[in-house]
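I set out to record what I looked up in this structure, entry by entry. Each entry keeps to one topic.

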Amino acid sequence: MYYEHQKPYHIGFINEAGARYAILPGDPGRVEKIASHLEHPRFVSQNREYTTWVGELEGEPVLVMSTGMGGPSAAIGVEELHQVGVHTVLRIGTCGGMALPVKGGDLVVATGAIRMEGTSKEYVPIEFPAVANLDVTNALVNSAKELGHPYHAGVVQCKDSFYGQHSPERMPAGYELLNKWDAWLKAGALASEMESSAVFIVSQILGMRAGCVLNVLWNQERAKNGMEDIETHDMTAAIQVSIEAIRKLIREERDET
Ligand SMILES: O=P(O)(O)O[C@H]1O[C@H](CO)[C@@H](O)[C@H]1O
Ligand SMILES: O=c1cc[nH]c(=O)[nH]1
């Protein structure tokens, strides 16, 4: 069985540094850049979609590990980080804006996620909400405020199909996608992405803390409504906020002990 291997089967590393905090981008290509904001960043391992670096903040080891795209690989990543002793995970990713005030280049701090994906349903029935940890969320919101980055905090929509979000009309199941999208808009969903609900649910089940900060790439609803729709892929603000949030959490943990 996988748990008899010395290294967790998919993430493929032993947590030699003893890190308990992990920053989780979806994209393996972003790991090194995020790790460069830590002290003494160094490569740990690369297996499948999981590229991992480690560094320090406030003298505490912090991992940066990619999860790949979608709930299944994010859930496996969180499970195996738990196996190696991580207690706090912070997803940093990209999203598409949904609510009209959410513009390209803004940040979204996900306080909860709509579970329109398959992975979390294999953990707990759909009535159970996917919510972020309050300490991690407060650390993200306070960091965004202190750094002066425009942010929105609220519910995001998680789904499995990127193209079901962007081209629902061409899908045979489009009638359902379009009606649900309309419901999420009416209920005030801020943005759409693909991993936070699995990260929140798996963390909840394993007794870990999870939070999520997203860079808004664009907003298809602004475009549809004839409003200015800026597109930006600059992750700097989201990285700065996630690093400062982890720093705050490390300090808080120290103050409590
Ligand atoms: O930028 P990342 O973290 O990959 O997040 C978003 O981007 C991918 C889709 O383009 C999905 O993984 C989605 O959740
Ligand atoms: O529109 C977008 C942008 C990023 N990620 C998504 O899932 N959707």
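**Entry 1: Overall form**

I counted the secondary structure and found 8 helices and 10 strands in the protein. I then looked up the radius of gyration, which is 18 Å, close to the 18 Å that the globule rule gives for 257 residues, so the protein is as compact as a globular protein of that length. I noted that this is a predicted model.

I took the box along the principal axes next: the C-alpha atoms fill roughly 50 × 45 × 30 Å. Of the 257 residues, 47% count as buried. I also looked at contacts between residues at least 6 apart in sequence, and 78% of these join residues at least 24 apart.

**Entry 2: The nonpolar core**

Which residues touch the most other members of the largest nonpolar core? I found Ala22, Val89, Leu107, Val108, Val156 and Leu214, in a core of 71 residues. Helix α8 (residues 236-256) supplies the largest share of this core, with 9 residues. I recalled the general rule that nonpolar side chains tend to be buried together in soluble globular proteins.

Two of the names listed here, Leu107 and Val108, I had already written down among the core residues that touch the most other members.

**Entry 3: Helix α6**

Why is helix α6 described as largely enclosed by the rest of the structure? I checked its residues, 196-206, and 9 of the 11 are buried, so the helix is largely enclosed. The buried residues are Ser196, Ser197, Ala198, Val199, Phe200, Ile201, Val202, Ser203 and Gln204. Just after α6 I came to glycine 207, which takes a positive phi of about 75°.

I began with strand β3 (residues 50-57), which is mostly covered, as 6 of its 8 residues are buried. Strand β2 (residues 39-47) runs antiparallel to β3, and 6 bridges join the two. I located two of the partners in β3: glutamate 39 is bridged to glutamate 56, and asparagine 47 to tyrosine 50. The hairpin formed by β2 and β3 has 2 residues between the strands, and arginine 48 in its turn has a positive phi of about 50°.

On to strand β4 (residues 60-65). β3 pairs with β4 over 6 bridges, again in the antiparallel sense. The bridge partner of threonine 52 in β4 is methionine 65. β3 and β4 also form a hairpin, with 2 residues between them.

**Entry 4: Positive phi outside glycine**

Histidine 40 lies in strand β2, and its phi is near 50°. Is histidine 40 buried or exposed? I counted 10 C-beta neighbours inside 10 Å, and a residue with 12 or fewer is exposed, so histidine 40 counts as exposed.

Glutamate 58 lies in the loop between β3 and β4, and its phi is near 55°. It has 14 other C-beta atoms within 10 Å, so glutamate 58 is partly exposed.

**Entry 5: The two ligand shells**

Which residues surround ligand 1? I listed Pro25, Gly26, Asp27, Met69, Gly93, Thr94, Phe162, Glu193, Met194 and Glu195. By class, this shell has 4 nonpolar, 3 polar and 3 charged residues.

Around ligand 2 I found Thr94, Cys95, Gly96, Phe162, Gln165, Ser192, Glu193, Met194 and Leu217. The elements that give two or more residues to this shell are β5 (88-97), α4 (162-166) and β9 (191-193). Of these, β5 gives the most, with 3 residues. The shell around ligand 2 divides into 4 nonpolar, 4 polar and 1 charged.

Thr94, Phe162, Glu193 and Met194 are named both around ligand 1 and around ligand 2.

Technical notes:
Residues are numbered from 1 along each chain as its sequence is written. Chains are lettered from A and ligands numbered from 1 in the order in which they are written. This is a predicted model: local features need pLDDT of at least 70, side-chain atom pairs count only at pLDDT 80 or more; totals for chains, interfaces and linings use all residues. A residue is near a molecule or strand if its C-beta atom, placed from the backbone, lies within 6 Å of it. Ala, Val, Leu, Ile, Met, Phe, Trp, Tyr, Cys and Pro count as nonpolar, Asp, Glu, Lys and Arg as charged, and the others, Gly among them, as polar. A residue is buried if 20 or more other C-beta atoms lie within 10 Å of its own, exposed if 12 or fewer, and partly exposed in between; C-beta atoms are placed from the backbone. Helices (H or I, at least four residues) and strands (E, at least two) are DSSP runs, numbered from the N terminus. A nonpolar core is a set of buried Ala, Val, Leu, Ile, Met, Phe, Trp, Tyr and Cys residues joined through C-beta atoms within 7 Å. The radius of gyration is taken over C-alpha atoms; the globule rule is 2.2 Å times the number of residues to the power 0.38. Two residues are in contact if their C-beta atoms, placed from the backbone, lie within 7 Å. Two strands pair if DSSP finds at least two bridges between them.
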